[in-house]
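Open the model in your viewer and keep the selection tool ready. This tour goes stop by stop, telling you what to select and what is there.

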Amino acid sequence: MKTVLKTEKIDKSFHDPVDFQVLKDISFEVKGGEFLSMIGKSGSGKSTLLYILSTMDTEYSGQLHIDGQLVTGLPIDSLAEIRNEKIGFVFQFHYLLPEFTCLQNVMIPALKLGKYSEEEIENKAFEKLKILGLEDQALKSANKLSGGQQQRVAIARALINDPCIIMGDEPTGNLDSKNSGIVFDIFQNLTREFGQTIIAVTHDEDFAHRSDRIIEMKDGNILAH
Amino acid sequence: MNINNKIAKTYIFSNKKLTAVGVLGVLLGMSVYIFMNCLMVGFDRTSNTTVFKNTAHIRVYKDDEISKPLIKDSIAPYLIINPKIVPKINTIINPKKILQILKNDENVVIATPQVNTNVFYNNGKSQISGTAIGIIPEEANNMFDIKSTLVEGHFDHLIHNPNGIIIGSGVAEKMNLTTGDNINLTSSKGINRTLKIIGIFKTNNYNIDKIKSYINMPLAQQILKEGNTYITDINVQVADPEAVEPIAAHLTELTGYNAESWQKSNETIVAAGRMRKIIISFVSFTILLIAGFGIYNILNMTVSQKINDIAILKAMGFKGNDVVRIFVTQAVSIGFMGVIGGVAMATVVITLLKKVYIGGDIGYFPINYESTKYLQGIVIGLVITFFAGYIPAKKAANVDPVEILRK
């Protein structure tokens, strides 16, 4: 399988309030279609690593390749374009835009990308919602949905531009066990059926052990992968 | 529609109350700005019209001279120790040539001679001192619009009647005279003439109405025992009365006589007008600025409220400029709605005020729809709202999504 994400010797330190190295010499690769979980205790640096991988955090040393392209050192506007096109996000708190309908929320990244006409995007967004079993909620306002439903809308939104990688920051962290199960099944389904690459930071041992691969972190180092 | 505009539009309509407050602020600021500035233009115009009914744009005359030592560059300046005004005749020598020079100047629209005479108006036993102005009727009317002040009689009859006179309403009232009556004039040279009243004018300035009268110029020259070259003033009208100062200086050089601008002879009115301008400009601009602060506040609030939205949009690949565009669009839309409302409201207020009667020589409220002031208000209003939106938008664009999303 093709390598979609590669890190080389990533180091990161915080300087405020005291000098503290959160990530030490992180090097690993992620293959296409992998369902990867990152686990570790609070402060182990897993979330920090995820935000570096997401290109939103640019203050690190080392190199990051996404989809074969070196993204380290690119200007922030180019990084924004890469995020738009190649990365989908799912966060702990679903972060939908509350004034928009579910369908519009799903459409926004695609409208930003501007690759397809609005009509095509709308069809596509509806397709994605259908995969996640939300077709009958499409025209409801985002804040009228339950937490589990909102998280599924957020996954649909992450999928809309057919990204190389979906990144999740505790995607089930705010959900009950039933909804967590649903979200996990969706992720697994996406990797098995559509070959989607997923990187998720999680506290949920169960979630992690059912995924394809686990990277365990401790004190800024990768313990095992 | 562009996705940035779509988001801006949603923000505008999702919080209608906040939008309405912003729009209302701009609307009020805008309408007051336009209204006050139109009012100022109206005031200036009225005050100028009043001035120009009695004062020419430029008055060319022979000024009194102070006696000077005979020898120039005298090393003995004490030769004349108590200088006085030289007793000369205050007349313009060779007026035809001077008039020709003035009329040939490109800036001059009208140039007409005038003879001022101090007289006594006599009717029976009553006697009033006053000033009779010798004019060339058509030219003087073109300049001062005397016809519009006439309350009785016909101005044109003055042209055909060499012994006609048009008197002020104050004189007519005091002497109980109407059109068609005779009036006796005594000049400073002791000449007596009985003239026929062919009209009465009223400027609503009582100080003028009770002393002034118009007669034909040859008659004025006769009662002063002077020939037809005796002219005390030449009145000059130019195209733009506001830009009269350099022309006056030029005419002084050209003719060798003193050319005095209306601004110089009406300094109090000019100064009052200038002060009015400063105050109105300052107040109206401040009000518009306050409306801008209103928008700034609203946008700041929206940015704080939508900080999560901004973070997620940036995570999804919106650039800093996209975020700026979203919020600036929101601000300018509010500004635009306010400007349209403000223009409408100003028009309504002006329309109503135009119908209010003030009285005196002002008449109806001196205000009109001044397109330049409308345009000025619209431009300033939009510029202010742009910046009121741009500052919070810039702040929003600099939001670090990691900081928000990791909370």
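Helices (H or I, at least four residues) and strands (E, at least two) are DSSP runs, numbered from the N terminus. Residues are numbered from 1 along each chain as its sequence is written, while chains are lettered from A and ligands numbered from 1 in the order in which they are written. This is a predicted model, where local features need pLDDT of at least 70, side-chain atom pairs count only at pLDDT 80 or more, and totals for chains, interfaces and linings use all residues.

**Stop 1: the sheet of chain A**

Select Asp25(A), which sits in strand 2 of chain A. Asp25(A) is not a glycine, yet its phi is positive, about 55 degrees. Most residues other than glycine have a negative phi. The scale: a residue is buried if 20 or more other C-beta atoms lie within 10 Å of its own, exposed if 12 or fewer, and partly exposed in between, with C-beta atoms placed from the backbone.

Now widen the view to the sheet. Four strands of chain A form an open, antiparallel sheet in the order 2-1-4-5. Strand 2 (20–31) and strand 5 (69–70) of chain A are at the edges with a single partner strand each, so one side of each has no neighbour in the sheet. Two strands pair if DSSP finds at least two bridges between them. Strand 1 (residues 3–14) of chain A pairs with strand 2 of chain A in the antiparallel sense, over eight bridges. To see one such bridge, select Lys6(A) and its partner Glu29(A) in strand 2 of chain A.

**Stop 2: two buried helices of chain A**

Select residues 46–53, helix 1 of chain A; eight of its eight residues are buried. Among them are Leu49(A), Leu50(A) and Tyr51(A). Step on to Thr55(A), in the loop between helix 1 and strand 4 (61–66) of chain A. Thr55(A) has a positive phi of about 75 degrees although it is not a glycine. Thr55(A) is buried, because 23 other C-beta atoms lie within 10 Å.

Next, select residues 102–113, helix 3 of chain A. Eleven of its twelve residues are buried, so the rest of the structure largely encloses this helix. Including Cys102(A), Met107(A) and Lys112(A), the buried set runs along helix 3 of chain A. What covers the buried residues of helix 3 of chain A? The cover includes helix 2 (76–86), helix 4 (118–131) and helix 5 (147–159) of chain A, together with helix 1 of chain B. Just after helix 3 of chain A, find Gly114(A), with a positive phi of about 70 degrees.

**Stop 3: where the chains touch**

Show both chains. Two residues are in contact if their C-beta atoms, placed from the backbone, lie within 7 Å. By that rule, 15 residues of chain B are in contact with 19 residues of chain A. On the chain B side, helix 1 (3–14), helix 12 (307–315) and helix 15 (401–405) each supply at least two residues. Helix 12 of chain B gives the largest share, four residues. The chain B side divides into eight nonpolar, four polar and three charged residues. Here Ala, Val, Leu, Ile, Met, Phe, Trp, Tyr, Cys and Pro count as nonpolar, Asp, Glu, Lys and Arg as charged, and the others, Gly among them, as polar.

**Stop 4: the domains of chain B**

Colour chain B by domain: domain 1 is 3–51 + 270–405, and domain 2 is 58–63 + 89–265. Such bounds come from an automatic or database domain assignment. The centres of the two domains of chain B, taken over C-alpha atoms, are 51 Å apart. Five residues of domain 1 of chain B are in contact with six residues of domain 2 of chain B. The domain 1 side of that contact has two nonpolar, two polar and one charged residue.

**Stop 5**

Select residues 233–238, strand 9 of chain B; six of its six residues are buried. Asp233(B), Asn235(B) and Gln237(B) are on one side, with Ile234(B), Val236(B) and Val238(B) on the other. Strand 1 (residues 58–61) of chain B pairs with strand 9 of chain B in the antiparallel sense over four bridges. Strand 2 (residues 108–123) of chain B also pairs antiparallel with strand 9 of chain B, over six bridges.

Finish at Leu102(B), in helix 3 (residues 95–104) of chain B. Leu102(B) counts as buried because it has 24 C-beta neighbours inside 10 Å. Leaving aside neighbours within four places in sequence, the contacts of Leu102(B) include Ile234(B) and Val236(B).
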